[in-house]
There are 2 protein chains.
Amino acid sequence: MVNTSPSSDCSAKQVLQSVDKVVSLLSDVPVRKGKIRSYALKDALNKALAEDIYSGINVPPSANSAVDGYALRLEDWQAGLSLPVSDRITAGAAPGPLKPGTVARIFTGATIPEGADAVVMQEYTLTTEDSQINIEQAPQRQDNIRPEGQDVAEGDLILNKGQILSPHRLGLLASIGQANVKAYAPLTVAMMSTGDELLEPGQAAAPGQIYNSNRYLLDGLLQSLGFTVLDLGVVPDNADATRSALQSAAQQADVILTTGGASVGEEDHIRAAISDLGQVDLWRVAIKPGKPFMFGNIQGVPVCGLPGNPGAVLITFLMLVKPFLLKQQGFQSCREQGMQLQLGFGLHKPGPRREYLRVMVGDDGRLIRHPNQSSGMLSSASWAQGLAIIPEHQLCKENDVVTYLPFSSLLHLPAV
Amino acid sequence: MVNTSPSSDCSAKQVLQSVDKVVSLLSDVPVRKGKIRSYALKDALNKALAEDIYSGINVPPSANSAVDGYALRLEDWQAGLSLPVSDRITAGAAPGPLKPGTVARIFTGATIPEGADAVVMQEYTLTTEDSQINIEQAPQRQDNIRPEGQDVAEGDLILNKGQILSPHRLGLLASIGQANVKAYAPLTVAMMSTGDELLEPGQAAAPGQIYNSNRYLLDGLLQSLGFTVLDLGVVPDNADATRSALQSAAQQADVILTTGGASVGEEDHIRAAISDLGQVDLWRVAIKPGKPFMFGNIQGVPVCGLPGNPGAVLITFLMLVKPFLLKQQGFQSCREQGMQLQLGFGLHKPGPRREYLRVMVGDDGRLIRHPNQSSGMLSSASWAQGLAIIPEHQLCKENDVVTYLPFSSLLHLPAV
């Protein structure tokens, strides 16, 4: 009696790599960053900045008033004394010096006239019958004056290469007068599914067929992160078709994602094809769901081989592929900010894999898990608000504190 | 001596409305939801679902194998007995019934043949010299079989009107065979800035002028949330121009946002123009930064009057305008999931307004605030990872726990 099943392939027994190890290996892959382009600010939203930005000006460019009121020289103030109004300075005007012994009516954002060293809010003034201004309380030096360069000083490094161009950073760039900015053009990410059972939604299903959900799941994940998606559809389950699809993807894309066929079965052709055309670096990860994850390259183009089950595609994409893609795109940081929350349930036994449970936050602030965590399920992910991380080899009891990652940040670019 | 300054306007002393009160008032504004359109799945990403979705099918449509292995009838198993292989069932195939006294080679995702009631993983089998299969351990009923309808049962309500069409929900729709989905078309949000001091980036600044940062900040915020932006540029600081710009905006847009000019100064024309053309419902909010926030409508089109300082625009947009816009767009929930974190600093005294501090999370997990929280500053927001909420009338000491909202979720659509 001899064992001739495919399980005799020694790789099938290859040790599981930890999630941390795989994330670290992927972060060491040489970075392919998109081409650097100059974008108008509005077109640069959420791209990775490709240059350090120094300000050429002070913001604000000159001291201005924080309120509507009256500008004065402190030396002119005396209790009970009224001062005449010598000027009216609106935002955008370039005032002359403040005439000694007078005040200037001034509005929010307007330039402080030379000589003035405080602004008094209009609410703290009285106007006399002959239109002079009486200031009730003693003003302090610099009251209601926003100094020149308060926000940004000329020469300041205001943004770093690799930061995300979030809305407020675009506002900051505008405030220093910059109309364009250099950023990394989005990488092209090819995606393909394998599986002869896969059918497109909208078509009538024959027995044995299932609809291809991974295509829409991955397309949405990639779109949300700003990548250019090259959708190569479904590849037939045979070695030749798999090889030629991968070869064509490597010629057109910066990164290739596949779903399904990454395991060791006779019907799994992805891994063999990548071995033929390039190199398989790692596969089988201690992650649940998502164990049959594979990584390699074809002529230097990285290939992530995701599992075929959509629940496992979602988790491996978010935990392994997303940080990899963001680094490849030129983003400096991809770290998720998790919350520390209590489990509203206990687990029976520790597992050898790090588990990502689909959970909601209950009214009592504790996590509730979906009753069915099968890797094949998308309905549980649709129900969930995020993922709870159950560390490998650790028994988690009710009320233990674990890390919770909300989908609201998992599904988007980080804001750092 | 009489007080004739603009501060005598009774509205200037109008009581501050709390943030909670304003959010609640805004959530009661009649909803304008975009037109309902049918979208192909890939075009529906992150839109608000406009229908309840019931599944017309079971997912999976028939029981299938969770592993690569052998399907058998339990009644045929005996320790030490080998069974011949009568079929080879790949994913996508429609097998006939399993011949009694035999096993079927079966692959992950393939349909379970009629009569089989367990699948044994190939790793737990041995192949004899005459190609029969010996199953070492006693299998249990339903081992490695994913039952029909495990993910979704025919007739199930799988998604609710108002939910966001996140990537995994698009995957779920695909899995039930749906190629199109009804969603609300994005609302058109008009934005305009007021301020004669404002200059476009890229132009040379004259004394007294500053670059318009709010335009790029707001455009980015609106783009990130999927709205159609109608950019009406800068409106000159006078009553006629303000009125005519607002009137034109009300004819083209579903909601209008303005920045600047919402206060009570002689140079602030927004409020007067809205009063003339429609109605001002509330203004002055107990929020810091952002007090001079205004809300009203022109011929039923809602107008949010944001402050002129960009730091205040960011905060009032995220805390007041965003939940309002999402509700108007048809999203069911706009609640932010905050984290409870300790302050790494203490505050000197309680304030009458709820304060949103620009903060980072330090290495010790406590919050660090930017030294300058001026409403005019965007550099502090660019530095920050999120906002810490300091409740009104509350003295916060070092190590007190407050709610922290990370920009990673604040700047995006919620995932619920």
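**Contacts, core, domains and symmetry**

Tutor: In this predicted model, Val189(B) is in contact with Leu222(B), Phe227(B), Val229(B), Leu230(B), Ala253(B), Asp254(B), Val255(B), Leu257(B) and Leu325(B), leaving aside its neighbours within four places in sequence.

Student: What makes two residues count as being in contact?
Tutor: Their C-beta atoms, placed from the backbone, must lie within 7 Å. Val189(B) and Leu325(B) are in contact, so their C-beta atoms meet that cut-off.

Student: Which residues touch the most other members of the largest nonpolar core?
Tutor: They are Val189(A), Ile256(A) and Leu257(A), together with Val189(B), Ile256(B) and Leu257(B). That core has 203 residues. Members of a nonpolar core are buried, and a buried residue has 20 or more other C-beta atoms within 10 Å of its own. Val189(B) is a member, so Val189(B) meets that count.

Student: How is chain A divided into domains?
Tutor: Domain 1 takes 6-34 + 186-329, domain 2 takes 37-58 + 152-184, domain 3 is 64-146 and domain 4 is 339-410.

Student: How many residues are in contact between domain 1 and domain 4 of chain A?
Tutor: On the domain 1 side there are 18, facing 14 from domain 4. H6(A) gives the most to the domain 1 side, with seven residues. By class, that side has twelve nonpolar, four polar and two charged residues. The centres of these two domains of chain A, taken over C-alpha atoms, are separated by 25 Å.

Student: Why is the relation between the chains called a two-fold axis?
Tutor: Chain A is superposed on chain B by a rotation of 180° with 0.0 Å of shift along its axis, at an RMSD of 0.1 Å. That is the relation of a two-fold axis, which is why the name applies.

Student: Which residue of chain A comes closest to the rotation axis?
Tutor: Ser409(A) does, with its C-alpha at 2.5 Å.

Student: How do you know that the same surface serves both copies?
Tutor: Of the contact residues of chain A, 100% recur in chain B. The same surface therefore serves both copies, by the contact cut-off of 7 Å.

How values were computed. Residues are numbered from 1 along each chain as its sequence is written. Chains are lettered from A and ligands numbered from 1 in the order in which they are written. This is a predicted model: local features need pLDDT of at least 70, side-chain atom pairs count only at pLDDT 80 or more; totals for chains, interfaces and linings use all residues. Copies are superposed by least squares on the C-alpha atoms of residues with pLDDT of at least 70 in both. Domain bounds come from an automatic or database domain assignment. Helices (H or I, at least four residues) and strands (E, at least two) are DSSP runs, numbered from the N terminus. Ala, Val, Leu, Ile, Met, Phe, Trp, Tyr, Cys and Pro count as nonpolar, Asp, Glu, Lys and Arg as charged, and the others, Gly among them, as polar. A nonpolar core is a set of buried Ala, Val, Leu, Ile, Met, Phe, Trp, Tyr and Cys residues joined through C-beta atoms within 7 Å. A residue is buried if 20 or more other C-beta atoms lie within 10 Å of its own, exposed if 12 or fewer, and partly exposed in between; C-beta atoms are placed from the backbone.
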